[in-house]
Amino acid sequence: MRVIKVEETQIASWTRTLLAQQRVVAVQERDERFVFDDLHQAEDLRLDHDVTLQPPLRHFLPEREELVSFDRPDRYAPVEPDDRPFVLLGVHPYDVAAICQMDAVFAAGVPDPHYNRRRALATVVACDVETPSGNVFAGAMGTAVVEDGYDVLLTRIGRQYLVESRTAKGDGLLALFGDDVEDALPSDLRRREAVWRRNRQGLRQHALACPPQALPRLLALSYNDELWQERSEYCLSCGACNLVCPTCYCFDVQDVVGWDLKSGRRLRLCDSCMLEDFAKVAGGHQFRLRRDRYRHRFYRKGLYTPERFGFVACVGCGRCIDSCIAGVASPVDVYNTLLERHPEALEEPREGAGARSLGQALASLLGRESAEEAASAAREPVLTLRPRCEAEEPRLALAKAATDALEVEQLVAKDPYVPGQAKILAKRALTNHETLYRLCLDAERKLGHKSGQFVQISLMGIGEAPISVSSGPDDGPSFEIVVRRVGNVTEALERLHPGDTVGVRGPYGTAFPLADLRGKDILVVAGGIGIVPVRSAIQEVLWHRGDYGRLTIAYGMRAPQDRLFGEEIEAWQKEPGVTVLETVDHLEGLWHGQVGPVTTLLPSCGIDPPTTAALVCGPPVMYRYVLADLIAAGMEAGDIYVSLERKMKCGIGKCGHCQINGVYVCQEGPVFTYAQVKNLPEALQ
Amino acid sequence: MKKPRVAIFDFAGCEGCQLQIVNLEEELLSLLEVVDVVEWREGSSEKSPEFDIALVEGAITRPQDVRRLEQIRARAKVLVALGACASHGGVNKLRQRLDLGAAKRIVYGASAREAFLGSGPVQSVDEVVSVDARIEGCPIDSQELSSVLRSLVLGGEPKTPNFPVCVECKRAGNVCRYERGEICLGPVTRGGCGARCPSYGMWCYGCRGSVDEPNIHAARAVLERYGKTVQELEERLALFGSR
């Protein structure tokens with residue numbers, strides 16, 4: 001680390017030198033506000049800005065970017081990346097903190113190559129705030145000043161700037177000031193300390209009535225507070241708060257195709273969890289109403305992200321307050337009101353206090369006890385606002401790869417957004433609405449899925465849809481999916497024939513843990529097309545018949561003509577120790593079986609709680625009743641497995657669409673134990 | 001693959017949406033590679049008994065329009081409402097605010113009683129027949145039309161955007177019109193236009209109609225917050241027949 005002292009005029013000449021060498025994205029004035037944009041002349045640089053309209057995140061996760069290029073029907077390729085290094089100039093400390101958070105998010109699990117590539121190409125030049133914006137509260141969030149996460153930090157002291165280099169990249173930029181620059185004196189550093197003290201105190205246009213570390217506890221206590229309904233009545237669901245947020249990273253994916261009807265691009269666009277269709281699935285079920293959407297944003301910032309990553313995902317930039325014309329987006333306002341109603345959030349948590357159940361439910365799903373433990377897993381002593389930038393490893397690998405053509409090729413070959421190819425081997429209509437497809441990956445590669453997992457099926461130019469794998473895992477190089485025609489992709493799939501190609505990503509998500517259930521009786525409860533994902537488990541149990549006790553299948557459907565796998569069901573019934581019970585909701589046509597909801601079958605299932613594991617899958621409305629009956633029959637919540645459908649899009653825990661509270665269904669689901677989800681209010685509404 | 005046959009029809013409207021098709025210019029040639037335009041009064045002299053895709057522009061105002069539209073529906077596999085007039089009545093619906101006789105006298109003076117001016121209530125296309133897709137806007141965005149057509153030809157079902165203009169306005173990095181002291185209909189208006197008006201320095205006029213579930217209560221509160229009246233908002237909403 002080196003700190004030098006330069007004149008204001010030297011900043012301008014240094015910027016000119018930078019511009020001559022590489023792309024510079026810098027803060028400039030536009031329409032009486034400030035933006036990060038490509039800098040064309042050094043004179044346009046502004047370091048006295050209050051806040052930019054859009055966060056610098058847009059230069060790592062653009063509002064619109066190409067993910068995949070394709071030639072219909074069967075060629076997909078990663079897009080040619082823009083591999084120009086660039087300097088991001090004028091980043092305020094709270095935005096540096098946000099960048100560190102996003103680094104952690106996009107490096108976690110399956111790293112996102114697009115974000116990481118841009119991040120690796122960037123040199124971040126931060127600058128301490130000279131002009132506080134009207135709604136900034138970074139002081140309250142501990143992000144008014146940052147001590148790392150940048151390459152260079154500029155701090156104005158009087159008519160001079162202190163320039164600190166923090167990294168090797170930063171040293172390179174510092175060297176551009178030339179040889180005859182002065183090192184900062186201890187007295188200069190003291191003046192810088194004074195700037196920092198002033199900003200820590202000054203960047204508080206709104207006062208948060210608790211330390212940010214108390215927010216997860218506060219939110220755990222406030223889930224059913226009336227505030228969510230009261231405030232959401234004023235929420236326009238316009239998405240502005242998300243779309244200007246430096247820590248909002250949800251995205252939507254869309255295909256565009258050219259006039260040749262062959263070549264096209266798969267795009268991702270910044271999305272917003274406030275929008276009406278954000279969590280709506282192809283079948284039309286709306287998983288989050290306006291109130292729930294309004295609440296979700298605050299919970300992602302103050303509870304879900306802390307539980308997962310160990311940091312509060314609000315850095316106090318105030319952009320959401322600036323942009324909400326309804327005046328209901330302010331986190332400080334919401335948190336302070338909740339604090340008045342739940343002052344116990346400020347007390348030390350008592351052992352076994354029930355109020356934290358939501359947070360605990362999420363933490364235990366993530367394999368952790370609490371947010372504090374999540375923080376320590378991130379090698380931080382306490383819950384923090386700003387993770388250290390430890391996303392270095394994948395980023396450095398990418399940085400290196402960016403300079404090495406061969407490695408780039410390998411890297412993009414692993415791009416998680418580029419589908420593999422699969423051929424349709426067979427197609428069979430099961431009902432008027434559902435069709436079974438047998439698919440085989442190219443080169444007879446095995447899918448390698450487990451029972452209960454799903455894949456993303458792509459029809460380039462139309463889109464992508466999450467579909468459960470319906471065949472058991474030992475089924476050779478091919479696998480089966482069953483598709484109900486409810487959306488664009490599934491309708492278009494219907495027009496394909498054996499020999500045609502589709503794109504496949506995956507398998508994704510959790511599976512029914514059948515290996516752990518050996519020796520148990522297996523009870524399958526399926527409603528409607530819920531039979532599709534559990535069929536994989538049924539097949540697996542049948543293939544290893546001797547490893548399991550009784551197999552009982554309770555299958556409810558709307559009407560007889562909706563019955564799936566009819567012939568197979570007859571064959572299952574003939575296997576030793578297998579019982580299939582069926583019922584229809586509506587008696588239409590020929591039916592000799594039971595009439596009524598699937599729960600009417602449960603008393604006849606002969607459930608022996610200690611030796612039984614239940615696998616449950618069906619429409620959202622079914623779970624509450626079936627689970628209540630299974631518990632009433634004496635089963636433990638840990639022995640009941642549910643498979644939950646949500647709007648899975650990216651499959652790798654990034655896009656945000658499939659979340660149940662803080663849980664990514666594509667990562668921690670779709671198969672959960674009832675014990676895992678019973679305290680997640682959004683799971684089984 | 002046989003090229004889908006496209007027919008274009010117009011009812012009460014300014015023909016500006018059809019003009020947007022002409023405005024595709026070079027893209028028109030690409031379009032004609034992909035579809036056969038079999039009937040289009042503004043662009044071709046041919047007529048066809050049947051077609052795969054009907055693009056219908058304009059609002060429905062006379063009994064003979066209703067019959068003609070029903071015939072078009074019967075001949076079309078897919079019917080697309082083109083523009084604000086077809087989608088929700090558009091500026092034609094302004095007339096609904098007046099007594100019909102009075103409106104006719106204002107517009108036609110002494111000729112108002114002529115039989116050929118048999119105007120009745122203004123209806124959007126979907127108030128008369130079922131509609132498979134809507135392309136909103138006054139006028140339509142020609143790029144949106146071309147992507148809807150490509151999607152239909154590929155066998156997709158074009159989705160009418162259901163997010164407010166604010167989404168694209170924020171993505172565009174615009175300063176909010178409310179910050180400028182203006183009433184903007186963006187927060188309740190269906191997007192898909194790329195926030196064109198705000199990006200060029202105007203408020204949103206609401207030409208694409210409202211999103212599926214506009215929060216009217218919130219919109220009223222916003223007006224109050226910015227010192228505007230509900231009447232000002234309603235006048236804006238009325239322009240394009242928003243419902």
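**Interface of chains A and B**

1. Across the interface of chain B and chain A, 17 residue pairs, both at pLDDT 80 or more, are in polar contact (N or O atoms within 3.5 Å, one able to donate a hydrogen and the other to accept it; residues adjacent in sequence count only if both atoms are side-chain atoms). The model is predicted: local features need pLDDT of at least 70, side-chain atom pairs count only at pLDDT 80 or more, and totals for chains, interfaces and linings use all residues. Residues are numbered from 1 along each chain as its sequence is written, chains are lettered from A and ligands numbered from 1 in the order written, and side-chain values use heavy atoms, without hydrogens and water.

2. On the side of chain B that touches chain A, α9(B) gives the most, with six residues. By class, this side has 21 nonpolar, nine polar and eleven charged residues.

3. There are three salt bridges between the chains (a side-chain nitrogen of Lys or Arg within 4 Å of a carboxyl oxygen of Asp or Glu). B:Arg180 forms a salt bridge with A:Asp31, with the closest N and O atoms 3.7 Å apart.

4. Chain B and chain A bury about 3,400 Å² between them, 58% of it on carbon and sulfur atoms (accessible area, 1.4 Å probe, lost on being put together, summed over both). Of the area that chain B buries against chain A, B:Leu154, B:Lys170 and B:Arg171 supply 22%, more than any other three residues.

Key:
Buried area = accessible area lost by both parts, 1.4 Å probe. Helix = DSSP H or I, 4+ residues; strand = E, 2+ residues; numbered from the N terminus. Nonpolar A, V, L, I, M, F, W, Y, C, P; charged D, E, K, R; others polar.
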